[in-house]
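Q: I am new to this structure. Please show me how to read its features one by one.

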Amino acid sequence: MAYELDEQKKVGLGLIGFGIFFTFLAIILFFDRGLLALGNILLLAGVALLLGWRSTLQLFKVNYKGTISFMLGLLLIFVRWPVVGIIVEIYGCIVLFGCFWPSIKVFLFQIPVFGWILQYPALLLDRFRS
């Protein structure tokens, strides 16, 4: 395997998974503020454990536009504007983690059943393969 997962990275992936789960659950439950905040905190802690503290700080320092919009969305959630906050936060996540899209794309195409479905010409997703 080209990329080994030690225990810290496994915990980081678990925290990211729980963060996404709690955020999704909060959206289903009509933008519950507590679950959104918990999901955000778990997501940030998971990214920090997965990438490492220095890489995470460097990611947030280099990309000011994504960092400001993500933190503004988090602040809007805390001041009881969860719908606007989650929209701003999703934009911030896309801008912050957009540089990881090629890695995510390769990973998605290598999943056995899901990757085969994505390669069907009817979905027009096979042209995104590099």
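Q: Is leucine 29 buried, partly exposed or exposed?
A: Buried means under 20% relative accessible area, exposed means over 50%, and partly exposed lies in between (1.4 Å probe, protein chains only). Leucine 29 has 47% relative accessibility, so leucine 29 counts as partly exposed. Leucine 29 sits in the loop between α1 and α2. Its C-alpha is 33 Å from that of proline 112, and the two are 83 residues apart in sequence.

Q: What should I know about the model and the numbering?
A: This is a predicted model: local features need pLDDT of at least 70, side-chain atom pairs count only at pLDDT 80 or more, and totals for chains, interfaces and linings use all residues. Residues are numbered from 1 along each chain as its sequence is written, and side-chain values use heavy atoms, with hydrogens and water left out.

Q: How many helices and strands does the protein chain have?
A: Helices (H or I, at least four residues) and strands (E, at least two) are DSSP runs, numbered from the N terminus. Here the protein chain has seven helices and zero strands. Along the sequence the pattern reads α-α-α-α-α-α-α. The C-alpha atoms fill a box of roughly 45 × 35 × 25 Å, taken along the principal axes.

Q: What share of the residues of the protein chain count as buried?
A: Of the 130 residues, 31% count as buried. Take asparagine 40, found in helix α2. Asparagine 40 has 2% relative accessibility, so asparagine 40 counts as buried.

Q: Is isoleucine 86 buried or exposed?
A: Isoleucine 86 is buried, because its relative accessible area is 5%. Isoleucine 86 belongs to helix α5. Isoleucine 86 and threonine 23 are 63 residues apart in sequence, and 9.2 Å apart in space, C-alpha to C-alpha.

Q: What is the phi of arginine 80?
A: Arginine 80 has a positive phi of about 70°, and arginine 80 is not a glycine. Arginine 80 is in the loop between α4 and α5. Arginine 80 counts as exposed, at 62% relative accessibility.

Q: How do I read a salt bridge?
A: Side chains of opposite charge can pair when their charged atoms come close. A salt bridge is a side-chain nitrogen of Lys or Arg within 4 Å of a carboxyl oxygen of Asp or Glu. The structure holds one salt bridge. In it, the side chains of glutamate 7 and lysine 10 meet at 3.8 Å, N to O.

Q: Where do glutamate 7 and lysine 10 lie in helix α1?
A: Glutamate 7 and lysine 10 are three residues apart in helix α1, so about one helical turn separates them. Glutamate 7 counts as exposed, at 56% relative accessibility. Lysine 10 is partly exposed, with a relative accessible area of 44%.

Q: Which residues form the nonpolar patch on the surface?
A: Patches are made of residues with over 30% relative accessible area and no salt bridge: like charges are joined within 9 Å, nonpolar side chains (Val, Leu, Ile, Met, Phe, Trp, Tyr) within 5 Å. Accessible areas come from the Shrake-Rupley method with a 1.4 Å probe, and for residues only the protein chains shown count as cover. Here Ile41, Leu72, Leu75, Phe78, Val79, Trp81, Val83, Val84 and Ile87 form a nonpolar patch, with about 860 Å² of accessible area together. The elements giving two or more residues to the nonpolar patch are α4 (64–78) and α5. Leucine 75 lies in helix α4. Leucine 75 is partly exposed, with a relative accessible area of 49%.

Q: What is the volume of the largest pocket?
A: Rolling a probe the size of a water molecule over the atoms shows where empty space is left. On a 1 Å grid over the protein atoms alone, a pocket is an open set of points where a 1.4 Å probe fits, with protein on both sides within 12 Å along at least five of seven lines; lining residues have an atom within 4 Å of a point. Grid points are joined across faces, edges and corners, and a volume is the space filled by probe spheres set on the points. The largest pocket has a volume of about 1,300 Å³. Of its 31 lining residues, the closest to its centre are Leu13, Ile16, Leu50, Phe100 and Ile104. The elements giving two or more residues to this lining are α1 (7–28), α2 (33–51), α5 (82–96) and α6 (101–110).
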